[in-house]
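This report describes selected features of one protein model. Please examine the sequence and the structure shown below before reading on.

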Amino acid sequence: MSQPATKPRKAVDEETSTGWDNTPHPPVKHCAAKVDERYMHGRPEHELVPSRYVHRVGKIDVMVVSDGVLSLPGAMLGHNVDPAVRAAWLEDQFLSPDVLEWALNAVVVRSGDQTILIDAGIGGEFPDLPRAGQWAQRLAAAGIDPASVTDVVLTHLHMDHVGGLLVDGVKEQLRPDLRIHLAAAEAEFWESPDFSRVSMPPGFPDALRRTGKRFLKEYHGLLRTFENEHEVAPGVMVQRTGGHTPGHSVVRLASGGDRMTFAGDAVFQVGFEHPDWFNGFEHDPQEAARVRVSLLRELAANRESLVATHLSFPSVCHVAVEGDAFRWVPGPWEY
Ligand SMILES: [Zn+2]
């Protein structure tokens, strides 16, 4: 104990002033000292694992940040499937037949002098999902200052992707010249959203309508809408796919011969083996399945990495073709 007090501070400076990596960081409590109590949701300050993972795509830094876990009914993963077939798949995966524990991943990207947030977790709008909503304090623990963020890309306006931006005190910390990139079709959809083909648990459609509208109201001044695709930063391209929602988009990263795609909600865990199973949150399930198959085919053919919102954290993986479906190939843990 010859160097008290100064040593942890030096470690924090190193963390924020050099490139991101997966080496150990100071305790969360130290880094998160400035985090507003309202973000904590009654959780302990200490976390046993940092819940973030760093990957590099050429010159682009990528950090996957877990917002936590969503506990949802098992039927969500395929509402067009015989319940016995669905139960057999879950058993085969060593998963509970009743409650699906969904990962909820958001991403931070640095390219050139831009810091870009891709999606924002669920926030605190839905009190029945207490294990999620940790995005803001985990960004703080990772040394990401909200005032340093230049751009936000939203894959779509479901609350598990934008809710973090609606938490009290978050907007005030963001820059007034922040650019929020969103497909024009998505902004338009939430003016009068169609829920006729979804199969969601009770309470969800109302909560999604409410948060979608609230987001558009609170952030309309910062929105930069695009039609089909937009280059957010060097090597960072957002592309509209539609399907899950009409303006659902994916983010393609490319630098120095490396490629990675953040697929948002185009791909779920079951979607590799059963890409034709309809997820309960898909507003146009047929189109969502078509988008999924075409994206998975492309990723298998060009061998690039995939990260997706609801694939098990940190979700960095590859896609292989297997018969007339696909196979999930988890990436090696680089620590
Ligand atoms: Zn989602």
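## The zinc site

Four donors count as tetrahedral if all angles lie between 85 and 135 degrees; four count as square planar and six as octahedral if opposite donors are over 155 degrees apart and all others between 65 and 115; anything else is irregular. Donors themselves are N, O and S atoms within 2.8 Å of the metal (3.2 Å for Na, K and Ca), and sites may look incomplete because water is not among the atoms. The model is predicted: local features need pLDDT of at least 70 and side-chain atom pairs pLDDT 80 or more, while totals for chains, interfaces and linings use all residues. Residues are numbered from 1 along each chain as its sequence is written, and side-chain values use heavy atoms, without hydrogens and water.

The zinc ion is coordinated at 2.1 to 2.2 Å by Asp160 (OD), His161 (NE2), Asp265 (OD) and His310 (NE2). The angles among the 4 donor atoms run from 87 to 164°, and the site is irregular. Along the sequence, the donor residues follow the spacing D-H-x103-D-x44-H. Both aspartate 160 and histidine 161 are buried; buried means under 20% relative accessible area, exposed over 50%, and partly exposed in between (1.4 Å probe, protein chains only).

## Helix H8

Helices (H or I, at least four residues) and strands (E, at least two) are DSSP runs, numbered from the N terminus. The expected span of a helix is 1.5 Å times one less than its number of residues. For the 16 residues of helix H8 (residues 204-219) this gives 22 Å, in agreement with end C-alpha atoms that are 22 Å apart.

The buried residues of H8 include Phe204, Leu208, Phe215 and Tyr219. Viewed down the axis of H8, the buried residues fall within an arc of 160°, so they line one face of the helix. This arc is that of the directions from the helix axis to the C-beta atoms. The face turned away from the buried side of H8 carries the exposed residues Asp206 and Lys217.

## The nonpolar cores

A nonpolar core is a set of buried Ala, Val, Leu, Ile, Met, Phe, Trp, Tyr and Cys residues joined through side-chain atoms within 4.5 Å. The largest has 59 residues, of which Trp135, Leu154, Leu165, Ile180 and Phe215 touch the most other members. H8 supplies the largest share of this core, 6 residues. Apart from it lies another core, of 22 residues, among them Val107 and Leu253.
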